Amino acid sequence: YLFVMNRRLLAYFLLDTSGSMNGEPIEALNNGFNGLISMLRADPQAMDTLHLSIITFDREVKNIVPLIDLASFHPMEITCPDSGPTHTGAALELVSELVQKDLLKGSTEQKGDWRPLLFIFTDGKPSDIQKYRQMIPVIKDLEFGIIVGCAAGPKADEQFLKELTSEVVKLDATDAVTLSSFFKWVSSSITMGGKTQGTGENITLPPPPSELNIIV
C-alpha cells in the first residue's frame, strides 16, 4: 500500500520588518496577514494542500514560521526593530535555501508538490542591492508558480521588484484598510493558484481591488 500524500502547495511570504514599518504599518500587516489566514481556512482545498512559510527581513533575516500546514498555523505577531536596513537580498537567499529543502520533487513513486508561490512585501528598497541582484537568477531558476512583489507606501521602490517579477503591486499606503484589501487579493490569488495548477495551466492572478495598482 503506497501512502499517497496530497500534493502540497507551498507559499512563501517575505515580509519587510525594517524600522520604517514600526507603529501603524506593522499592526496593519499583522491584521492583514491574520485576516488572510482566516480567509484561506474557509477554502477546503487550501486546508487540504496549502503550507506556509514566513520569512521576515530587516537587519536580520528570520524564518519566523518554518513550513507548516494551514490547519496547524497559529496566529502570531510580527514585530520589527525601531530602525535598521532592509536586507531583501538576504531574504531571497534564505527562501532559495528553504525551497530547495522543503519542496518534494515528483518521482515515479509520488507526484511532487505543486509549483510554489512567493509573495514579497516591502515598504522600501533593498539595502543589500548587490546581493539582491545576485539572487534574482537563482530565484527565477526555482520555477515558482508565481512571484508577486508588493511595494507598499510612499517610500517603496517598485523598480527593484520589477527586476525580479512582472507581477508587481503598488500600494499607496500601509494602513489597515489598504493592507487588508491587499491580503484579500492574495487570498484569492492563492485559491486560484491552487485550482489552476490542477489543470496544468499557468497561474493567472485575479483582478486587483481598486486600492491596488498593478504596475505594468
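Colleague: Which residue forms a salt bridge with arginine 8, and how far apart are the closest N and O atoms?

Modeller: Let's start with the idea. Side chains of opposite charge can pair when their charged atoms come close. A salt bridge here is a side-chain nitrogen of Lys or Arg within 4 Å of a carboxyl oxygen of Asp or Glu. In this structure, arginine 8 pairs with aspartate 113, and their closest N and O atoms are 2.8 Å apart. Arginine 8 sits in the segment before β1 and aspartate 113 in the loop between α3 and β4, so this pair ties together parts that are 105 residues apart in sequence. Before we go on, please note that this is a predicted model, in which local features need pLDDT of at least 70 and side-chain atom pairs count only at pLDDT 80 or more, while totals for chains, interfaces and linings use all residues. Residues are numbered from 1 along each chain as its sequence is written, and side-chain values use heavy atoms, with hydrogens and water left out.

Colleague: Why does arginine 8 count as buried?

Modeller: Buried means under 20% relative accessible area, exposed means over 50%, and partly exposed lies in between (1.4 Å probe, protein chains only). Arginine 8 counts as buried because its relative accessibility is 11%.

Colleague: How many salt bridges does a search of the whole structure find?

Modeller: The search finds three. Lysine 131 is partly exposed at 25% relative accessibility, and glutamate 93 is partly exposed at 29%. Then there is arginine 133, which forms a salt bridge with glutamate 163 at 2.7 Å between the closest N and O atoms. Arginine 133 lies in helix α4 and glutamate 163 in helix α5, so the pair ties together parts that are 30 residues apart in sequence. Arginine 133 is partly exposed, at 42%, and so is glutamate 163, at 28%.

Colleague: How many helices and strands does the protein chain have?

Modeller: Helices (H or I, at least four residues) and strands (E, at least two) are DSSP runs, numbered from the N terminus. The protein chain has six helices and seven strands. Along the sequence they follow the pattern β-α-α-β-β-α-β-α-β-α-β-α-β.

Colleague: How many residues does helix α3 have, and how far does it reach?

Modeller: Helix α3 covers residues 88-102, which is 15 residues, and it reaches 21 Å from its first C-alpha to its last. The expected span is 1.5 Å times one less than the number of residues. For α3 that expectation is 21 Å, and the model is close to it. Among the buried residues of α3 are Leu92, Val95 and Leu98. Their cover comes from contacts, meaning heavy atoms within 4.5 Å. What covers the buried residues of α3 includes β1, β2 and α4.

Colleague: Which way do the residues of β1 point?

Modeller: In a regular strand the side chains alternate between the two faces of the sheet. In β1, Leu9, Ala11, Phe13 and Leu15 point one way, while Leu10, Tyr12, Leu14 and Asp16 point the other way, and all are buried.

Colleague: Over how many bridges do β1 and β2 pair?

Modeller: Two strands pair if DSSP finds at least two bridges between them. β1 and β2 pair in the parallel sense over eight bridges, with leucine 14 opposite isoleucine 55 in β2. β1 also runs parallel to β4, joined by five bridges, and here leucine 15 stands opposite phenylalanine 121. Further along, five bridges join strand β5 (residues 146-152) to β6, again parallel. Four of the five residues of β6 (residues 167-171) are buried, so this strand is largely enclosed by the rest of the structure.

Colleague: How many disulfides does the structure hold?

Modeller: A disulfide is a pair of cysteine sulfur atoms within 2.5 Å, and this structure holds zero. Cysteine 80 is buried at 14% relative accessibility, and cysteine 150 is buried at 0%.

Colleague: What share of the 216 residues counts as buried?

Modeller: In the protein chain, 52% of the 216 residues count as buried.
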